Amino acid sequence: MGRTSSSLVKRLMNDNGLTMPPPFVRHVFVCTNRRPDGSPKGCCASKGGEEVRLEFKHQLDAHGVKGQIRANVAGCLDACEQGVSCVVYPEGTWYGQVTKDDVKEIVEEHLLKGKPVERLLMKPYEKPRKT
Ligand code: FES
């Protein structure tokens, strides 16, 4: 772990009081689930889920923190209508309708500084009833 990364870990752990198992300080899961065309729920894959995940990896690498903050593929997070759906731990912060263009802001504000991006937070919604 380099000097920059080590100080990032200490700062984030002190600032938010939340911890992740070492070496990670934050972990973002990005839904890339794909459903057949025409599915009424839609899916994150058709809305750019894989593109969003790859941009997270690119941004984390560009900031030199990919060993401390990780972006992983997730299956369906059961918020399909809000996709592309992402969730950040340890806070448990959910983002909805995320695009590739939003990722840099989430990385720089939330993942690095601990300040969730309000405009992208997933809106409360009522899940469709199962019939
Ligand atoms: S398909 Fe992404 S949350 Fe369900």
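1. How many helices and how many strands are there in the protein chain? This is a predicted model, and its protein chain holds three helices and four strands. Read from the N terminus, the elements follow the order α-β-α-β-β-β-α. Of the 131 residues in the protein chain, 30% are buried.

2. The strands deserve attention next. Four strands form an open sheet in the order β2-β1-β3-β4, and the pairing is mixed. At the edges lie β2 (69–74) and β4 (93–95), each of which pairs on one side only. On average, and with direction ignored, neighbouring strands of this sheet are turned by 20 degrees against each other.

3. Within the sheet, β1 (residues 26–31) and β3 (residues 86–89) pair in the antiparallel sense, over four bridges.

4. Helix α3 spans residues 100–111, twelve residues in total. From its first C-alpha to its last, α3 reaches 16 Å, which is close to the 16 Å expected at 1.5 Å a residue.

5. Which residues of α3 are buried? They are V103, I106, V107, H110 and L111. Because these residues cover an arc of only 110 degrees around the axis, they lie on the same side of α3. In general, an α-helix has 3.6 residues a turn, so residues three or four places apart point the same way. The cover over the buried residues of α3 includes β1, α2 (49–62), β2, β3 and β4.

6. The largest nonpolar core has 22 residues, and those touching the most other members are V30, F56, V84 and V107. Two or more residues of this core come from each of β1, α2, β2 and α3. The largest share, four residues, is given by α3. As a general matter, nonpolar side chains in soluble globular proteins tend to be buried together.

7. What is V30 in contact with, once its neighbours within four places in sequence are left aside? The contacts of V30 are G49, V52, R53, F56, A71, V73, A74, V84 and C86.

8. A final point concerns separation along the sequence. Among contacts in the protein chain between residues at least 6 apart in sequence, 64% join residues at least 24 apart.

Technical notes. Residues are numbered from 1 along each chain as its sequence is written. This is a predicted model: local features need pLDDT of at least 70, side-chain atom pairs count only at pLDDT 80 or more; totals for chains, interfaces and linings use all residues. Two strands pair if DSSP finds at least two bridges between them. Axes are lines fitted to C-alpha atoms, for helices over the stretch in contact, and angles run from 0 to 180 degrees between N-to-C directions. A residue is buried if 20 or more other C-beta atoms lie within 10 Å of its own, exposed if 12 or fewer, and partly exposed in between; C-beta atoms are placed from the backbone. Two residues are in contact if their C-beta atoms, placed from the backbone, lie within 7 Å. The expected span of a helix is 1.5 Å times one less than its number of residues. The arc is that of the directions from the helix axis to the C-beta atoms. A nonpolar core is a set of buried Ala, Val, Leu, Ile, Met, Phe, Trp, Tyr and Cys residues joined through C-beta atoms within 7 Å.
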